[in-house]
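Biologist: I am new to this structure and would like to learn how to read it. Could you take me through some of its features, step by step?

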Amino acid sequence: MNPLNKSIVQTELDRFLNREVYLHLETTNGAYAVHRQESNMTVGAYIRNGLIRFGRGIITGAGPYRVGLKMEIGWVYAEGLTDYEIDPEGRLLLAGHDQEGRLAVALELSLSPFEL
Amino acid sequence: MKEHVLVVFPHPDDETFGCGGTIAQFTKSGVPVTYVCGTLGQMGRNMGKPLFANRESLPIIREVELEIACQALGIQRLIQLGLRDKTIEFEDPELLTDKLEQIILEVKPSLVLTHYPGHAVHPDHNALGDVTIRAVSRLSPQERPTVYAHAFARDCQDQLGKPDIINDITDVAEIKLAAIRAHRSQSQVILPRLSNGQFKNPSSKNSYNHMLTRESFWIYRFL
Ligand SMILES: [Zn+2]
């Protein structure tokens with residue numbers, strides 16, 4: 001991945017407008033957060049292959065960045081994004097990493113389902 | 001019974017960090033080791049330092065790392081269950097137990113290494129340890145292999161007492177270190193702490209303290 005480039009990512013988000021899009025959305029502080037006494041709670045959530053359609057998709061912030069996808073009846077939101085990649089399959093991968101390089105948040109869009 | 005060790009863990013690297021030294025001692029002495037690995041650690045947080053993996057490439061990278069680590073440890077056979085990281089506890093335990101039972105009947109292990117259910121921190125560790133022990137308990141007491149259960153929750157000694165087996169692994173520390181290095185995406189962050197000698201410092205509170213000197217297990221007692 002590379003440090004997030006806002007204008008490239010904005011162009012990429014526009015590519016997915018008004019189409020059936022597969023979504024991977026995730027946030028986590030790691031299964032060992034409490035064990036390592038880094039936090040008093042282990043929290044995480046993910047959705048893999050959520051099928052969505054959005055008519056407006058914006059990246060904002062001065063880094064780390066935020067993304068909001070406006071759907072007809074709801075929103076997709078992610079905060080803390082630091083890196084991006086358009087992978088060989090044309091998927092848009094966005095992630096936020098901490099100083100140790102550990103993933104804390106991810107938002108990914110694809111026109112075909114992600115592998116299970 | 002012919003000696004054969006069956007190792008059952010959910011994530012590539014569990015075999016190395018938890019019991020790589022013990023595995024290396026078995027394989028060095030000619031005892032075959034089969035490893036059943038549940039997932040490809042698809043949801044791991046470590047992406048290399050500097051970053052070289054992403055959420056989608058991570059399982060492909062970890063599969064290769066796992067093969068290299070198995071070679072380093074002398075693991076003869078790798079069986080992948082093809083499950084997804086962080087989901088094992090939501091699968092049907094009966095189906096998983098059937099699968100493990102089939103493997104046990106085929107491999108006929110004299111010893112099984114797995115996580116101690118309820119004392120192994122990560123939900124996947126606890127869930128796969130649980131179905132492995134269920135599968136072993138389906139055998140008659142005479143047929144059952146010994147189970148070395150690995151526990152590392154902070155309170156595990158309060159709950160379980162002192163470990164039954166405290167294995168000195170200093171003779172195979174280099175082999176274990178090679179396997180740790182093989183799991184590059186997961187170990188780059190901790191390697192500096194291992195190589196600057198913190199693991200040798202007995203007063204260090206660092207959890208990597210004993211990683212290259214000893215490994216502990218509880219012998220699971222079936223009711
Ligand atoms: Zn694990």
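Modeller: We will go from the chain contact to a helix pair, then to some backbone features and one aspartate. This is a predicted model, in which local features need pLDDT of at least 70, side-chain atom pairs count only at pLDDT 80 or more, and totals for chains, interfaces and linings use all residues. Residues are numbered from 1 along each chain as its sequence is written, chains are lettered from A and ligands numbered from 1 in the order in which they are written, and side-chain values use heavy atoms, leaving out hydrogens and water.

Biologist: Now the helices, please. How do I describe two that pack together?

Modeller: Two packed helices are described by the angle between their axes and the distance between the axes. Helices (H or I, at least four residues) and strands (E, at least two) are DSSP runs, numbered from the N terminus. Axes are lines fitted to C-alpha atoms, for helices over the stretch in contact, and angles run from 0 to 180 degrees between N-to-C directions. In chain B, the axes of α2 (residues 58-73) and α6 (residues 173-182) come within 8 Å and cross at roughly 175 degrees. Therefore α2(B) and α6(B) are roughly antiparallel, a label for angles over 145 degrees. Among the residues making the contact are Ile68(B) of α2(B) and Ile175(B) of α6(B).

Biologist: What should I look for in the backbone?

Modeller: Most residues other than glycine have a negative phi, and most peptide bonds are trans. The bond from Gly63(A) to Pro64(A) is cis, with omega near -5 degrees, and Pro64(A) is found in the loop between β4 and β5 of chain A. The bond from Lys49(B) to Pro50(B) is also cis, with omega near 0 degrees; Pro50(B) is in the loop between β2 and α2 of chain B. Asn18(A) has a positive phi near 55 degrees and lies in the loop between α1 and β2 of chain A.

Biologist: Where is Asp168(B) placed?

Modeller: Asp168(B) is in strand β6 (residues 165-168) of chain B. Its C-alpha atom is separated by 4.6 Å from that of Arg214(B), 46 residues apart along the chain. Leaving aside neighbours within four places in sequence, Asp168(B) is in contact with Gln25(B) and Thr213(B).

Key: Parallel < 35°, antiparallel > 145°, perpendicular 65-115°, else oblique. Contact = heavy atoms within 4.5 Å.
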